[in-house]
Amino acid sequence: MTHHHAHAGDHPEAPYLELLARGAPAEAYDSPALIARADGAGPDTLADLDSMRRLALRVRADLEGRRRREAELSALFETAHDLAGLRDLDAVLRAIVQRARSLLRTEVAYLSLNDPAAGDTYMRVTEGSVAARFQQLRLGMGEGLGGLVAQTARPYVTSSYFDDERFQHTSAIDTGVRDEGLVAILGVPLMLGSTGSTVIGVLFAADRHPRVFAREEIALLGSFAAHAAVAIDTANLLAETRSALAELERANATIRDHSAVLERASEAHDRLTELVLRGGGVHDVAEAVSEVLAGTVEFADADSPHTAVLRLSGTDGHAMRHGDDWLAGVSAGGELLGALVLHGHPGLDPVDRRTLERAAMVTSLLLLARRSAGEAEQRVRGELLDDLLDAPGRDRQVLRERAARLHADLDAPHVVLAARIDGPVPTPAARRTADRRRIGSAAAYLAATRHGLASTRDGGTVLLLPLGPGDTPAETARQTAKQLGGALREPVTVGASGAVAAPALTPGAVAAAYAESRRCLEALRLLGRTGEGAAAQELGFLGLLLADTQDIHGFVERTIGSVVAYDKKRGTALVRTLDAYFANGMSPARTKEHLHVHVNTVAQRLERIGRLLGPDWQTPARALEIQLALRLHVAGPATRP
């Protein structure tokens with residue numbers, strides 16, 4: 001401690017520099033001398049400290065002044081920037097009043113404007129005000145401190161409003177000022193005109209306690225008032241200019257609008273004609289009309305809410321307004337196929353409305369043409385698949401050519417899928433017919449997008465889909481069940497055959513694969529797995545029984561292949577242990593007797609088997625499959641992996 005004060009004595013300015021650095025209040029500058037006196041410092045040290053204190057306080061005052069001027073200049077610059085980009089007069093005036101209140105550190109600031117029509121003055125913006133009556137105050141011309149400012153076009157200040165007799169007090173003003181609790185008020189004029197002679201309002205800063213406003217503060221508020229006057233003048237000029245422009249615009253509007261509408265109608269006619277001639281689609285029509293009408297046009301299908309609105313209203317082909325949209329029905333033969341929806345044009349010209357209606361009519365023609373073409377292609381795809389199923393002796397090259405026209409490659413691997421809607425049982429005959437038609441249509445669309453074939457038969461549908469690299473029949477069945485179920489919004493069950501290497505080379509294999517997929521479909525229904533997709537090979541030994549191929553090797557590999565491979569690699573006896581375990585009623589004690597090994601050895605082997613086959617290997621269903629696989633594995637070398 002002693003060393004610190006000796007050091008302070010050597011450098012008496014040090015504590016004051018620290019106080020300046022952290023922006024301490026003025027009273028804190030007495031502390032160094034008080035501490036030195038308490039430590040017994042001599043008169044010279046105390047004199048030095050006092051000299052340093054006065055110097056530091058001068059520097060502090062200078063810094064405060066600079067900071068204040070910086071803030072003032074910054075606020076004035078921001079205000080000028082607001083004026084340069086004037087969009088909203090209220091926002092600019094509010095910013096000016098807020099900055100004035102902040103920089104003058106007053107509790108309230110407000111701006112009043114003269115209303116020549118009413119012959120009085122009203123509050124335009126208030127900041128910091130809490131009294132509703134004050135905020136809504138209207139004063140007669142010449143009343144109150146503001147009246148004096150307006151009359152003389154000079155600033156006026158009062159440190160105690162109610163004791164000041166220089167201006168005309170009225171009960172309305174005094175009540176408002178008393179409600180707000182104002183005592184000290186400064187008012188500066190808002191001046192307009194080339195000579196700055198017209199007072200249009202007053203900018204005020206006020207406190208709820210006595211206060212003397214410095215000359216610099218009066219000048220600063222005057223600067224803000226000048227900016228406010230410029231803002232008001234600019235806004236008035238803009239309003240006058242806009243009004244004049246609006247008059248000119250209205251004079252030309254009728255001719256221009258009429259001409260533009262006719263041009264749009266002509267352009268729409270040309271665009272729609274071109275679209276029809278080059279075989280455009282529904283969305284091409286929507287895009288063309290969007291551009292012509294400078295809005296957003298979309299096609300809504302038959303199930304959309306927009307189409308439902310048209311169905312309820314029965315508009316007879318005329319466009320109707322719905323909220324801010326316009327709807328035009330797309331219909332053919334009394335059937336509502338969808339709607340064209342125009343967004344962003346609530347006030348649509350009658351000629352433009354007819355353009356939208358004409359576009360809807362063109363859309364209905366395109367939809368009918370597409371429907372006819374789709375039905376024809378669906379029929380051709382169905383006929384080709386029927387020939388593969390029913391007439392396997394057909395010429396292979398002819399089959400290939402027919403498939404190529406449908407973008408199908410019958411020399412690539414395919415899978416045959418049998419699909420059916422699994423709705424309520426029993427199902428009425430009419431419902432069954434409708435279901436067949438619906439699933440047939442959905443399957444035909446899926447086949448077209450996947451470059452495959454589809455046909456309706458046996459109460460459901462049959463698909464021949466290509467298998468891409470890495471695709472499996474089981475995964476394809478699951479995807480198909482999901483896609484058809486999603487399209488029809490009902491559970492669709494799908495059974496898959498094994499892979500058919502090249503349908504064009506072995507057309508007879510397609511019929512056999514279809515029979516296998518049908519058996520898989522029935523198995524899924526019997527297992528209670530309706531709404532799912534699966535292949536025969538993943539239904540365990542049930543799949544083995546269903547499949548014509550009798551894929552014993554594949555079944556053994558899928559079921560216990562990991563255990564067989566482990567034994568082969570490490571020379572262990574897991575398969576033998578597994579066989580003994582099941583032969584001895586799944587009892588570890590009897591198994592160790594059978595194998596003549598320690599019970600811990602049996603436990604370790606069973607734990608290893610569990611890791612290889614999965615934790616559910618001892619459940620009844622899995623145990624049954626594993627035992628069947630063991631029997632097939634030990635039956636002979638032909639079945640071993």
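Me: How many bridges join strand β11 to strand β14?
Reply: Strands β11 (residues 414–421) and β14 (residues 492–500) run antiparallel; strands are DSSP runs of E with at least two residues, helices runs of H or I with at least four, both numbered from the N terminus. This is a predicted model, where local features need pLDDT of at least 70, side-chain atom pairs count only at pLDDT 80 or more, and totals for chains, interfaces and linings use all residues. Residues are numbered from 1 along each chain as its sequence is written, and side-chain values use heavy atoms, without hydrogens and water. The number of bridges joining β11 to β14 is 7.

Me: Which residue in β14 stands opposite histidine 414?
Reply: Histidine 414 belongs to β11, which spans residues 414–421. Its opposite number in β14 is valine 500.

Me: Which strands stand at the edges of the sheet, and why is one side of each without a neighbour?
Reply: The open sheet has 5 strands with mixed pairing, in the order β12-β13-β11-β14-β15; two strands pair if DSSP finds at least two bridges between them. Each edge strand has a single partner, so one of its sides is left without a neighbour in the sheet. These edge strands are β12 (453–457) and β15 (533–535).

Me: What angle does helix α15 make with β14?
Reply: Helix α15 (residues 473–488) packs on the sheet and touches β11, β13, β14 and β15, contact meaning heavy atoms within 4.5 Å. Axes are lines fitted to C-alpha atoms, for helices over the stretch in contact, and angles between N-to-C directions run from 0 to 180 degrees. For α15 and β14 the angle is about 150°.

Me: Where do the buried residues of α8 lie around its axis?
Reply: In α8 (residues 171–180), the buried residues are Ile173, Asp174, Gly176, Val177 and Glu180, buried being under 20% relative accessible area and exposed over 50% (1.4 Å probe, protein chains only). The face turned away from them carries the exposed Ser171 and Arg178.

Me: Which element supplies the largest share of the lining of the largest cavity?
Reply: A cavity is a set of points on a 1 Å grid over the protein atoms alone where a 1.4 Å probe fits but cannot get out, and lining residues have an atom within 4 Å of a point. Here 15 residues line the largest cavity, with Ile173 one of those nearest its centre. β1 (108–115), α7 and α8 each supply at least two lining residues. The largest share, 3 residues, comes from α7.

Methods: 1 Å grid on protein atoms, 1.4 Å probe; cavity = no way out; pocket = protein on both sides within 12 Å on 5 of 7 lines; lining within 4 Å.
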